[in-house]
Amino acid sequence: MSLPLTTSKDIGMRKDLVRLRMEMHRQQLLYNAQPLSHPFQLVRNMASRRSASSSSGSGSGKTPLMIAATIGLSLFGRRLGRVGRLAKLALAVYPLVKGGKMLAQKR
């Protein structure tokens, strides 16, 4: 007679390990799905951070209009051809120009 390869203790430990892994995956899914399930809360948080940063004097240049323009150009930029390329360049340079203006105003 040969002994079994796995004991009931080993099987119980494996089951516990699988349960812990499943719980970890469930928690990760909930965490990653939270911004998708509450988009208005995400926008509200972005707006509150924007107002807090602009009141402290360090503007990030990520206004809602800039974000919308970036998304629009990423979707339709190729169709616009040369104008789309120029608009992408303008979006890339805008934060630098805005930062220069803010430095000039502080002096």
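Start by selecting R26: at 42% relative accessibility, this residue counts as partly exposed. Here, buried means under 20% relative accessible area, exposed means over 50%, and partly exposed is in between, using a 1.4 Å probe and protein chains only.

Before going on, a word about what is on your screen. This is a predicted model, in which local features need pLDDT of at least 70 and side-chain atom pairs count only at pLDDT 80 or more, while totals for chains, interfaces and linings use all residues. Residues are numbered from 1 along each chain as its sequence is written, and side-chain values use heavy atoms, with hydrogens and water left out.

A salt bridge is a side-chain nitrogen of Lys or Arg within 4 Å of a carboxyl oxygen of Asp or Glu. Side chains of opposite charge can pair when their charged atoms come close. R26 and E23 are separated by about one helical turn because they are 3 residues apart in helix α1. E23 is partly exposed too, with 34% relative accessibility.

**Second stop: another pair in helix α1**

Now select D16 and R19. These two form a salt bridge, with 3.0 Å between the closest N and O atoms. Both sit in helix α1, which covers residues 8–37, and they are 3 residues apart, about one turn of the helix. Is each one buried or exposed? D16 is partly exposed at 42% relative accessible area, whereas R19 counts as exposed at 55%. The count of salt bridges comes to 2.

Next, select M46, I67, I71, L75 and F76, which make a nonpolar surface patch of about 460 Å². Patches are made of residues with over 30% relative accessible area and no salt bridge; like charges are joined within 9 Å, and nonpolar side chains (Val, Leu, Ile, Met, Phe, Trp, Tyr) within 5 Å.

**Last stop: the whole protein**

Zoom out and colour by secondary structure. The protein has 4 helices and 0 strands, following the pattern α-α-α-α along the sequence. Helices (H or I, at least four residues) and strands (E, at least two) are DSSP runs, numbered from the N terminus. Of the 107 residues, 8% count as buried.

Conventions: Accessible areas come from the Shrake-Rupley method with a 1.4 Å probe; for residues, only the protein chains shown count as cover.
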